[in-house]
Amino acid sequence: MSTTASDPLAALGSLPGVPDAVDSVRKAVDRVYGHRVMRRRSNEVTAEAALRGSRGSAALAGADWNLEEVRRRTDFSGEGEARTVGAALRLTAEAGQLLSIWRQSPLRVLARLHLVAAGGATPDDTVGRPRLAGEIVDEPLIEAPLPGSEEVAGRLEGLSSLIIAGGSAPALVTAAVVHGELLALRPFGSHNGLVARTAERIVLIGSGLDPKSICPAEVGHAEQGRAAYVAAFEGYTAGTPEGMAAWITHCGRSIELGVRESTAVCEALQRGAA
């Protein structure tokens with residue numbers, strides 16, 4: 001993330017194509033919040049969005065299970081894909097509990113998210129803290145050059161300062177930058193993608209754009225596919241105005257696809273089919 005504007009996140013909001021994406025996301029979110037089902041059964045929509053968002057995030061981390069398998073399973077203590085799906089479910093459940101802490105200490109929240117994702121599976125002291133020099137990162141999908149531990153620490157502090165300071169940037173822009181920066185840094189030894197997508201969710205909830213957490217961007221990221229996700233992320237790591245705009249608009253489209261998913265849930269509830 002590189003910009004010299006006094007309000008760097010707000011400056012990103014003026015990149016070509018980004019204002020249109022912000023407007024499109026806002027209208028889509030407003031439409032689903034205006035659905036008549038939301039007046040009576042919003043808790044059910046939130047629960048279903050959480051499940052579908054978890055499935056989408058796990059799919060991007062290499063555990064591409066169908067929704068009914070995620071819904072059916074109760075034991076995620078096994079190795080491999082089951083553990084990944086379990087981590088995604090735990091993170092989604094935790095996201096809404098951390099909003100007040102996020103506004104004051106984002107780094108504490110990120111540490112907590114990594115602890116939740118790891119689920120006590122790692123018996124050493126690497127869980128819940130940024131990696132040190134020489135420590136290995138196990139991160140499926142993302143193959144961008146890995147920043148050194150000193151750069152990670154500095155950029156995490158910078159990201160934290162931006163979040164705490166607030167500003168006038170649209171929620172989409174802030175969420176996309178938080179997501180992209182955490183993917184770029186991969187600050188933990190594992191689960192960085194899951195943590196990054198959960199942090200994106202926290203920003204969208206806390207900003208007021210999606211206070212009931214019914215617009216799962218993770219669904220849209222997964223629907224657009226791993227190749228598109230990586231390609232858009234490469235735009236973020238390039239740091240050019242065009243690349244940053246491409247990543248932000250990709251995240252915007254993901255939110256809109258999440259809205260479409262929850263709109264379908266609303267329609268099914270209205271028909272009595274779910």
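**Close-up views of a predicted model**

**View 1. Surroundings of Asn192.** Apart from its neighbours within four places in sequence, Asn192 contacts Val137, Glu139, Arg186 and Pro187. The model shown in this and the following views is predicted. Asn192 belongs to helix α10, which covers residues 192-206. With a relative accessibility of 2%, Asn192 counts as buried, since buried means under 20% relative accessible area.

**View 2. The loop between α9 and α10.** Arg186, one of the contacts of Asn192, is located in the loop between α9 and α10. His191 is also placed in the loop between α9 and α10. Most residues other than glycine have a negative phi. Arg186 is not a glycine, yet its phi is positive, at about 45°. His191, likewise not a glycine, has a positive phi of about 60°. The relative accessibility of Arg186 is 3%, and this residue therefore counts as buried.

**View 3. Packing of helices α7 and α8.** Two packed helices are described by the angle between their axes and the distance between the axes. For helix α7 (residues 106-118) and helix α8 (residues 149-165), the axes come within 9 Å and cross at roughly 115°. On the α7 side, the contact is made by Pro106, Leu107 and Leu110. On the α8 side, the contributors are Leu156, Glu157, Ser160, Ile163 and Ile164. Sorted by class, the residues in this contact are 6 nonpolar, 1 polar and 1 charged.

View 4. Pro106 is part of helix α7 and has a relative accessible area of 1%, so it is buried. When residues up to four places away in sequence are not counted, Pro106 touches Ile101, Ser160, Ile163 and Ile164. Of these, Ser160, Ile163 and Ile164 belong to the α8 side of the helix contact. Pro106 and Glu157 are separated by 51 residues in sequence, while their C-alpha atoms are 9.3 Å apart in space.

**View 5. Leu110 and the largest nonpolar core.** The largest nonpolar core contains 81 residues. Trp102, Leu110, Trp247 and Ile255 are the residues with the most contacts inside this core. Helix α9 (residues 171-185) supplies the largest share of the core, namely 11 residues. Leu110 also takes part in the contact of α7 with α8. Its contacts, leaving aside neighbours within four places in sequence, are Trp102, Leu156, Leu182, Phe188, Val195 and Ala199.

**View 6. Aromatic pairs around Trp247.** The model has 4 aromatic pairs. In one of them, the ring centres of Phe233 and Trp247 are 6.1 Å apart and the ring planes stand at 70°, so the pair is edge-to-face. Phe233 lies in helix α12 (residues 226-238) and Trp247 in helix α13 (residues 241-271); the pair therefore ties together parts that are 14 residues apart in sequence. Phe233 counts as buried because its relative accessibility is 2%, and Trp247 is buried with a relative accessible area of 0%. Tyr236 and Trp247 form an edge-to-face aromatic pair, with 6.4 Å from centre to centre and 65° between the planes. Since Tyr236 is in helix α12 and Trp247 in helix α13, this pair ties together parts that are 11 residues apart in sequence. Both Tyr236 and Trp247 are buried. Through ring pairs, Tyr229, Phe233, Tyr236 and Trp247 are linked into a cluster.

View 7. The structure contains 0 disulfides. A disulfide requires a pair of cysteine sulfur atoms within 2.5 Å. The cysteine sulfur closest to that of Cys251 belongs to Cys215 and is 14 Å away, which is too far for a bond. Cys266 is likewise in no disulfide, and the nearest cysteine sulfur, again that of Cys215, is 9.4 Å away. Cys251 is buried, its relative accessible area being 0%. Cys266 has a relative accessibility of 0% and so counts as buried.

Methods:
Residues are numbered from 1 along each chain as its sequence is written. This is a predicted model: local features need pLDDT of at least 70, side-chain atom pairs count only at pLDDT 80 or more; totals for chains, interfaces and linings use all residues. Side-chain values use heavy atoms; hydrogens and water are left out. Buried means under 20% relative accessible area, exposed over 50%, partly exposed in between (1.4 Å probe, protein chains only). Axes are lines fitted to C-alpha atoms, for helices over the stretch in contact, and angles run from 0 to 180 degrees between N-to-C directions. Helices (H or I, at least four residues) and strands (E, at least two) are DSSP runs, numbered from the N terminus. Contact means heavy atoms within 4.5 Å. Ala, Val, Leu, Ile, Met, Phe, Trp, Tyr, Cys and Pro count as nonpolar, Asp, Glu, Lys and Arg as charged, and the others, Gly among them, as polar. Rings of Phe, Tyr and Trp (its six-membered ring) pair if their centres lie within 6.5 Å; planes under 30 degrees apart count as stacked, over 60 as edge-to-face and the rest as tilted. A nonpolar core is a set of buried Ala, Val, Leu, Ile, Met, Phe, Trp, Tyr and Cys residues joined through side-chain atoms within 4.5 Å.
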